[in-house]
Amino acid sequence: MANMRVLLVTSVRDEGPYLLEWIAHHRAAGVTDFLVYSNDCEDGTDAILNALDRAGIVTHVPQQREGGKSVQWQALKSAWKHPLRKVADWVLVSDVDEFLNIHAEGHDLSGLLAALPGDVDGVVIPWRLFGSNDRIEIEDLATTQQFTRAIPPDVQFPVAASFFKTLFRTSGPFNMLGVHRPRQKAEDKHGLPKLVDGAGRAFPEAFLRNEKRLSLWGMPPGRALVEMNHYSVRSAAAFLVKTGRGLPNRTSKQVDLGYWVERNYNQVEDRSIDVMRPGTEVELQALLQVPDVADLHLKAVGWHKARFAQMLRDADNHQLLTEILSAGGSVALSKSLQQQLVKWYQLTQGAS
């Protein structure tokens, strides 16, 4: 696996304070190539990416919104045709608030793939929702060190707790990137992909056949080898700034109190990702030595702090901040109530 190429594809907007740690973490984990699309940046994220591109660390593609399709989907369509995707052995689509947490021996991608059956086409990596950890301010500190409390590992409800990302082999029966799983070629001509969960267990055909299924609800938790730490709220101040940015793949879904309640779980302390931190630190220090990068990073942090202060002058933003702080952290519901809520949800979808 010495010459294995792993491509990480992402679409970013105003992620300046968090970008370097995320790149460093995944470089240390064994990602060899980064294809980063940026759009509508105000905090200097695009300038950081330009500096890293000049240094050969990432490939930065500035992007303009076109039509009604989400900007992330436009990026994924472009990325599928990109030369980096064509030479990659494995591909992962991930956001800057998602960190691979590899438990396999070596805590890197080589160890993870070595632990999987040799003929797999992909590994489905379950999300783990991490909350705000009662942090209010935006601080120039590592995401994985600030936010160490999460939802219990066996909880799969609300639905966001059951989502996943997929690391897949480019030689598999796929013909397009997806936010959570790749699009599949026709089964009658190419067969079904061989996918395993985060514990290395094969999925049933019903899951393989339904490429639109994005939830692991009802399946045994598979996290023994790998999971995806998802820091989708961060601090209260960072969350407020995020509400002004919106989501890259959902133009209709609001980042609001409901989003906070759905994802701000702080019930269980989990520092398992700390074992990957030494490698991240080495890579982070190397990134900070790239010309202009350290200064641009600090400017981005300053922009986010100033943006938060500016947003607080608006009464609606102040009300939202009051609401999320009053709501605090969410608590996982009992399994019986989770099941009942799923049944009620199925009624809304016309399911029996």
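A residue counts as buried when its relative accessible area is under 20%, as exposed when that area is over 50%, and as partly exposed in between. Keep in mind that this is a predicted model.

**Exercise 1.** Work out whether R277 and E281 are buried or partly exposed, and how their side chains meet.

*Solution.* 
- Step 1: R277 has 12% relative accessibility, so R277 is buried.
- Step 2: E281 comes out at 32%, so E281 is partly exposed.
- Step 3: The two side chains join in a salt bridge, with 2.9 Å from N to O.
- Step 4: Now look at the spacing: E281 and R277 sit four residues apart in helix α11, which puts about one helical turn between them.
- Step 5: An α-helix has 3.6 residues a turn, so residues three or four places apart point the same way.

**Exercise 2.** Find out which residues of α11 are buried and where on the helix they lie.

*Solution.* 
- Step 1: Locate the helix: α11 runs over residues 277–288 and reaches 16 Å from its first C-alpha to its last, close to the 16 Å expected.
- Step 2: Pick out its buried residues, which are R277, T280, L284 and L287.
- Step 3: They cover an arc of only 75° around the axis, so they lie on the same side of α11.
- Step 4: Check the face turned away from that buried side: there you'll find the exposed residues P278 and V282.
- Step 5: Finally, the partners: the buried residues of α11 pack against α1, α2, α6 and α12.

**Exercise 3.** Describe the salt bridge between E269 and R149 and say which strands it links.

*Solution.* 
- Step 1: The N-to-O distance for this pair is 3.0 Å.
- Step 2: E269 belongs to strand β13 and R149 to strand β7, 120 residues apart, so the bridge links distant parts of the chain.
- Step 3: Both ends are partly exposed: E269 has a relative accessible area of 38%, and R149 has 26%.

**Exercise 4.** Identify the residues with the most contacts inside the largest nonpolar core.

*Solution.* 
- Step 1: That core has 75 residues, and I23, L52, I102 and L167 have the most contacts inside it.
- Step 2: Helix α1 gives the most to this core, with seven residues.
- Step 3: Zoom in on L167: among the residues it touches are W90, L109 and I125.

Definitions and conventions:
Residues are numbered from 1 along each chain as its sequence is written. This is a predicted model: local features need pLDDT of at least 70, side-chain atom pairs count only at pLDDT 80 or more; totals for chains, interfaces and linings use all residues. Side-chain values use heavy atoms; hydrogens and water are left out. A nonpolar core is a set of buried Ala, Val, Leu, Ile, Met, Phe, Trp, Tyr and Cys residues joined through side-chain atoms within 4.5 Å. Buried means under 20% relative accessible area, exposed over 50%, partly exposed in between (1.4 Å probe, protein chains only). Helices (H or I, at least four residues) and strands (E, at least two) are DSSP runs, numbered from the N terminus. Contact means heavy atoms within 4.5 Å. The expected span of a helix is 1.5 Å times one less than its number of residues. The arc is that of the directions from the helix axis to the C-beta atoms. A salt bridge is a side-chain nitrogen of Lys or Arg within 4 Å of a carboxyl oxygen of Asp or Glu.
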